[in-house]
Amino acid sequence: MGTERPNVPPARLARLFRPASVANVGASERHERSRTVIENLVRAQVRVFLVNPNRPSVFGRETVPSVRAIGEPVDARSEEHTSELQSH
């Protein structure tokens, strides 16, 4: 019994492994991990969108209230799970 794997074109995989843009959902100054993720993405020349409905900015960078509010497609998303986002 073999398991069939989907045939995913390499160009689609490139968006996952080498994204041009990433939405960092739940970015927060409460967690050092957020800073590390953001700095690493910026250093890799990835366009970063910070998503946090409760903060106008995180680490001096503007945020948007939702992924939909970005207004353009992003290649990938990183999620920070914080109680701050669940407070509203």
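The following conversation concerns a predicted model of one protein chain.

Q: Which helices and strands does the protein chain have, and in what pattern?
A: The protein chain has two helices and five strands, in the order α-β-α-β-β-β-β along the sequence. Helices (H or I, at least four residues) and strands (E, at least two) are DSSP runs, numbered from the N terminus.

Q: What should I know about the numbering and the model?
A: Residues are numbered from 1 along each chain as its sequence is written. In this predicted model, local features need pLDDT of at least 70 and side-chain atom pairs count only at pLDDT 80 or more, while totals for chains, interfaces and linings use all residues, and side-chain values use heavy atoms, with hydrogens and water left out.

Q: Which residues of α2 are buried?
A: Ser34, Ile38 and Leu41 are buried in α2 (residues 32-43); buried means under 20% relative accessible area, exposed over 50%, and partly exposed in between (1.4 Å probe, protein chains only). They lie on the same side of α2 because they cover an arc of only 65° around the axis, taken from the directions from the helix axis to the C-beta atoms.

Q: What covers them?
A: The cover includes β1 (21-25), β2 (47-51) and β4 (61-64).

Q: And which exposed residues are on the face turned away?
A: That face of α2 carries Glu32, Arg33 and Arg43.

Q: Changing topic, where is Ser66?
A: Ser66 is in the loop between β4 and β5 (76-79). Ser66 is partly exposed, at 29% relative accessible area. Its C-alpha atom is 6.8 Å from that of Asn52, 14 residues apart along the chain.

Definitions and conventions
Expected span 1.5 Å × (residues − 1). Contact = heavy atoms within 4.5 Å.
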